[in-house]
Amino acid sequence: MSRTIIRGGTIATSEGRFAADIACANGLIAEIGQDIVAGEGDLELSAEGKLVLPGGIDVHTHFSEPFMGMVTADDFTTGGEGALAGGITSHIDFAFQYKGETLQQAVDNWHARAEGRAVIDYGFHVAITDLRPDTRDEIPRMVEAGYSSFKVFMTYPALVVFDDDLLEILRLVGGAGGRVSVHAENYAMSNSLIETLLAEGKTEPRWHAVARPWMSEWEATVRAMALARVYGAPLYVVHMSAEASVAEVAAARADGQPVIGETCIHYLVMTEEKLAAEGFEGARYICSPPLRTKQHQDALWAALHDRTLQVVGSDHAPFTMADRRKMGADDFSKIPNGVAGIEQVRPLLWSEGVAKGRLSVERFVEVTATNPARAFGMWPRKGGVVVGGDADLVIWDPDLRTVLSMETTHSATDYCLYEGREVHGGAAVTISRGEVVWQDGKLSARPGRGRFVPRTEVAHV
Ligand code: URP
Ligand code: ZN
Ligand code: ZN
């Protein structure tokens with residue numbers, strides 16, 4: 001049996017850094033040690049002068065997802081290819097239960113999208129939109145079957161779940177050993193503001209930020225935490241963007257509540273001025289919550305540093321400019337919400353965080369691999385450099401310089417959100433379950449090679 005040996009690198013985990021070789025066999029990390037001797041047929045990769053990191057885990061993606069009248073542009077192949085180029089080897093997508101469906105139908109539908117197409121390993125958060133007696137009964141069975149996290153939207157007309165059902169979901173999921181993630185924005189506030197702005201003739205993309213103010217995220221975050229607290233349910237607040245809501249999460253955590261905050265790369269590297277770009281160009285930056293001011297952005301970096309925010313995801317939900325224009329040329333509120341980022345999340349976070357001295361290498365690994373694995377039941381199989389764990393590894397070159405552009409991105413969308421921006425640091429080689437799938441700028445991942453990862457107990461981080 002041939003092995004893959006990564007030689008001469010510095011292994012970086014969330015705990016520290018050390019020089020060692022790694023031998024991978026049968027898709028697993030078989031050995032970590034000094035001067036591992038290669039046998040006949042072994043593949044040797046040099047990591048001299050580079051770091052060896054755990055493969056990234058993006059727990060917030062929307063592949064092939066119908067939303068706001070369109071479907072996200074990346075499927076499980078193109079989205080996964082971008083992930084591999086950016087040093088990410090696993091993701092958790094959302095299996096949506098649409099009205100009238102069972103939770104089992106939801107996961108079956110999403111498995112059908114992934115099978116034969118996935119190039120990286122995947123799991124599903126079950127997005128509940130229709131809580132009925134039979135849905136209630138399904139929750140513990142879903143947790144047993146490896147879907148240990150659920151998603152609830154507190155806004156969006158087609159998806160919103162109101163407090164009585166949210167409280168019940170928190171009770172049932174918490175009781176079954178799972179975690180509830182919430183999209184925390186106040187439903188009434190955005191509806192009212194959208195109506196008011198449109199009535200005043202304010203239809204351009206820049207009004208999106210005005211329609212979804214920080215108060216909306218703050219109120220919903222506080223409410224979700226209060227509801228979760230009633231039953232001690234583990235909570236995860238996705239895509240946090242606002243200073244005030246992050247402060248509330250910090251206070252709740254200090255008080256012992258098992259709540260985890262996630263932010264996304266676009267909030268860390270862009271601000272709301274982007275939405276005011278010439279003509280319809282601001283539409284390319286539309287996502288919810290919206291990009292905010294520098295004051296909010298600074299608070300996010302501070303919260304990453306002080307461990308209030310424990311995960312950085314992409315919220316990869318790319319819609320083409322063609323689709324944005326088709327839906328929302330005359331009304332910002334109809335532009336499908338979401339941006340691309342799975343390929344750029346690690347290089348941008350390295351560039352703006354580690355290279356600028358705002359994050360340590362260990363913290364980078366923690367928020368992009370180890371914490372996501374622990375919080376969502378993938379640890380220790382994934383998220384670390386552990387003997388017996390999956391050989392999902394990245395030879396990371398801190399000196400790599402890349403200019404992000406449509407030419408280099410793998411996303412099927414028709415623009416690059418970060419066009420022309422130079423990043424420092426990136427994946428020289430990406431290895432998934434022992435297989436080299438990205439090297440020297442070339443992909444070699446067969447669609448269908450990605451596997452479903454049943455997830456177990458969630459942990460507080
Ligand atoms: O704008 C966003 N975030 N779109 C994707 C759906 C969601 O709310 O996460
Ligand atoms: Zn959301
Ligand atoms: Zn999302």
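Donors are N, O and S atoms within 2.8 Å of the metal (3.2 Å for Na, K and Ca); water is not among the atoms, so sites may look incomplete.

The model is predicted: local features need pLDDT of at least 70, side-chain atom pairs count only at pLDDT 80 or more, and totals for chains, interfaces and linings use all residues. Residues are numbered from 1 along each chain as its sequence is written, chains are lettered from A and ligands numbered from 1 in the order in which they are written, and side-chain values use heavy atoms, with hydrogens and water left out.

The zinc ion (ligand 3) is held by His60 (NE2), His62 (NE2) and Asp315 (OD) at 1.9 to 2.1 Å. Its arrangement is tetrahedral because the 4 donor atoms subtend angles of 86 to 133°. His62 lies in the loop between β8 (56-58) and β9 (66-67) and Asp315 in the loop between β17 (309-313) and α11 (321-328), so this pair joins parts 253 residues apart in sequence. Strands (E, at least two residues) and helices (H or I, at least four) are DSSP runs, numbered from the N terminus.

The zinc ion (ligand 2) is 3.8 Å from the zinc ion (ligand 3). The protein donors of the zinc ion (ligand 2) are His183 (ND1) and His239 (NE2), at 2.0 to 2.1 Å. The site of this ion is irregular, with angles of 57 to 149° among its 4 donor atoms. His183 and His239 are buried.

How values were computed
Tetrahedral: all angles 85-135°; square planar, octahedral: opposite > 155°, others 65-115°. Buried < 20%, exposed > 50% of the residue type's maximum accessible area, 1.4 Å probe, protein only.
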